[in-house]
Amino acid sequence: KMAKLYYFEGKRGDAEAIRMLLADAQLPYDNVGVSQPQFQEMVASGDLLFGQLPMLEIGGMKLVEPAAILEHIATMADASGKSSNLYLGATENERSTARSLCSAAADLRRELLLVRQSKHNSAIRNNFKDNILPPFFQAIDKLAVASSEQDKGLGDGIHFTFGDMAVFEAVNAVCEEFKVGILRPYPNMKEWHDKARYRPEVDKFIVARPEAEW
């Protein structure tokens, strides 16, 4: 049965990296937009553990929490054998790194959401650009040093993992908000971001996706 991904209708939000990973892994799914009344019904019915979206429904399981969903999709993708890429990484160290990348990406997204919610507050935007973003981008730039042409991931290993996708989507969202020039001081990260941006299925997804609220 096809997976169903539930998220607030017309929004990218915490579901966007999940959609990108499903697209990159070429796993078919039904993208289900949820209105506020439907969301309240889902919460009341007990369908949503912790009362939040996104939710991935597959094989009778209803899974919430973006990082858990991404890791589950990575497991499905690797089991499908459609690609030589290992979304879980080739070792437990790579998988653990992917989990920590998911956590870091979630932190960055939270901070960026505050910026987006405060469009006309230049102090918040400047604080994000000057104080919050540099340490994160510096850390990713260190991880993004490629060991070979085949190296698609951050840190150890050459695989593009579910953690890479989480970070890519968050960094790409920053580029949408502040323009891609914001990556220039971080050449390793920019090269890694551009490699990820032009993965064939990611490129197709980004070109085809509708304009939406973040």
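User: In this predicted model, how many bridges join strand 3 and strand 4, and in which sense do they pair?
Analyst: Two strands pair if DSSP finds at least two bridges between them. The sense is antiparallel, and the number of bridges is 4.

User: What is the order of the strands in the open sheet?
Analyst: Strand 1 is joined to strand 2 (residues 29-34) and also pairs with strand 3 (residues 55-58). Strand 3 in turn pairs with strand 4. The pairing in this open sheet of 4 strands is mixed, and the order is 2-1-3-4.

User: Which strands stand at the edges of the sheet?
Analyst: The order of the strands is 2-1-3-4. Each edge strand has a single partner strand, so one side of each is left without a neighbour in the sheet. The edge strands are strand 2 and strand 4 (61-64).

User: Which residues stand opposite Leu 5 in strand 2 and in strand 3?
Analyst: Strand 1 runs parallel to strand 2, with 6 bridges between them. With strand 3, strand 1 pairs in the antiparallel sense over 3 bridges. Opposite Leu 5 stand Asn 31 in strand 2 and Leu 56 in strand 3.

User: Why is strand 1 described as largely enclosed by the rest of the structure?
Analyst: A residue counts as buried under 20% relative accessible area. Strand 1 covers residues 3-8, and it is largely enclosed because the buried residues number 5 of the 6.

User: What is the handedness of the β-α-β crossover from strand 1 to strand 2?
Analyst: Strand 1 and strand 2 run parallel. Between them the chain passes through helix 1 (residues 16-24), and the crossover is right-handed.

User: How are helix 6 and helix 7 oriented to each other, roughly parallel or roughly perpendicular?
Analyst: Helix 6 (residues 162-178) and helix 7 (residues 187-197) have axes 10 Å apart and pack at an angle of about 100°. Angles of 65 to 115 degrees count as roughly perpendicular. The two helices are therefore roughly perpendicular.

User: How many nonpolar residues are in the contact of helix 6 with helix 7?
Analyst: Helix 6 contributes residues including Val 167, Phe 168 and Val 171, and helix 7 contributes Trp 192 and Ala 196 among them. By class, 2 residues are polar, 2 are charged, and the nonpolar residues number 6.

Technical notes:
Residues numbered from 1 in each chain as written. Predicted model: local features only at pLDDT ≥ 70, side-chain atom pairs only at ≥ 80, totals over all residues. Heavy atoms only, no water. Buried < 20%, exposed > 50% of the residue type's maximum accessible area, 1.4 Å probe, protein only. Right-handed = clockwise from strand over helix to strand, strands pointing away. Axes fitted to C-alpha atoms, helices over the stretch in contact; angles between N-to-C directions. Parallel < 35°, antiparallel > 145°, perpendicular 65-115°, else oblique. Contact = heavy atoms within 4.5 Å. Nonpolar A, V, L, I, M, F, W, Y, C, P; charged D, E, K, R; others polar.
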